[in-house]
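Visitor: I am new to reading protein models. Could you take me through one, feature by feature?

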Amino acid sequence: MKQTTIGGTKRKAANALAMIGLIIIFIAYMFPFIMVVINSLKQKRDIIKSPFSWLFTIKGLSFDNFVKAFTQMDFLNAFKNSLIVTVTATVLVTLLASMLAYYIVRNNNIVSKITFALMVASMIIPFQAIMIPLVSIYGGTLNILNHRLTLIFMHTGFSMAMSVFMFHGFIKGNVPIALEEAAYIDGCTHSQTFFKIVLPLLKPIISTMVILNSLAFWNDYLLPSLVLTDKKLLTLPLSTYSFYGTYSADYGTIMAGLLLCVLPILILYIVLQKQIIGGVVAGAVK
């Protein structure tokens, strides 16, 4: 029996056009990253002479830029600093935001409503609006800049609003209260119920928030540049600035350094991409 395609020729043409459009968008989106990879393997003179040339059109390709970048940016130390800041801030945001969102969802009172409204409203305030007062207070008045703990504290605070908003939506739509009531009947306290019953159910949204916050913390340049000045405390994005001179820049080494910075977080994203999509979709359901 011959099967017919729903929609016929028009549907096939529409699907083909949609696929072509997606391919064009994908190429446009990936083109800058591809050029970074290609130019990281070139010598400086080849980049200046022909930055858009492909690998097979030039000579002198090597991995010297990666070796130089690894040494000059003190990669291991910068990686350690970025890892400490990113992991600590991500864990704190995940734990505190999930606990606060759970309290707001399960306690329908005026305090929780005002708290949630204020946190959502704070999301519209740009960081640039409070950047100067923040630095003047923490640096001039309190004198606690140039510490990793200060940077971790700021990352945690600035990420709480969005994280609470995402956890709030997920808990409200995907965590049945019947499970908590059963736990209370069995003798669990509020904290035991959260950590043993609710928290394991938050795995999809936790995966989503971990990757989103990790990306933000790992790639952030502005806030660490305001807080950290000691070379021993520089994160990876800050360490790449060492390749810029007063009148020139080593573009090949810069490209290699950027790839070294991106690689760890890119691997994390690839590993958790399914959980990210699932968590975003689930968190949007109210």
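Visitor: In what order do the elements of the protein chain run from the N terminus on?

Guide: First, the ground rules. This is a predicted model, where local features need pLDDT of at least 70, side-chain atom pairs count only at pLDDT 80 or more, and totals for chains, interfaces and linings use all residues. Residues are numbered from 1 along each chain as its sequence is written, and side-chain values use heavy atoms, leaving out hydrogens and water. Now your question. Helices (H or I, at least four residues) and strands (E, at least two) are DSSP runs, numbered from the N terminus. Here the order is α-α-α-α-α-α-α-α-α-α-α-α-α. That gives 13 helices and zero strands.

Visitor: What share of the residues in the protein chain is buried?

Guide: Buried means under 20% relative accessible area, exposed means over 50%, and partly exposed is in between (1.4 Å probe, protein chains only). In this chain of 286 residues, 37% are buried.

Visitor: How many salt bridges does a search of the whole structure find?

Guide: A salt bridge is a side-chain nitrogen of Lys or Arg within 4 Å of a carboxyl oxygen of Asp or Glu. The search finds one. Glu180 pairs with Arg106, and their closest N and O atoms are 2.8 Å apart. Glu180 sits in helix α8 (residues 177-185) and Arg106 in helix α4 (residues 75-106), so the pair ties together parts 74 residues apart in sequence.

Visitor: Are Glu180 and Arg106 buried or partly exposed?

Guide: Glu180 counts as buried because its relative accessibility is 2%. Arg106 is partly exposed, at 25%.

Visitor: How many disulfides does the count come to?

Guide: A disulfide is a covalent bond between the sulfur atoms of two cysteines. The rule asks for a pair of cysteine sulfur atoms within 2.5 Å. The count here is zero. As for cysteines, Cys188 is partly exposed at 24% relative accessibility, while Cys261 is buried at 7%.

Visitor: Which residues form a nonpolar patch on the surface?

Guide: Patches are made of residues with over 30% relative accessible area and no salt bridge; like charges are joined within 9 Å, and nonpolar side chains (Val, Leu, Ile, Met, Phe, Trp, Tyr) within 5 Å. Accessible areas come from the Shrake-Rupley method with a 1.4 Å probe, and for residues only the protein chains shown count as cover. The patch members include Phe33, Val37, Leu263 and Tyr269. Together the patch has about 810 Å² of accessible area.

Visitor: Which helix gives the most to the nonpolar patch?

Guide: Helix α13 does, with seven residues. Both α1 (8-39) and α13 (251-284) supply at least two. Take Leu266, found in α13. Leu266 is partly exposed, at 34% relative accessibility.
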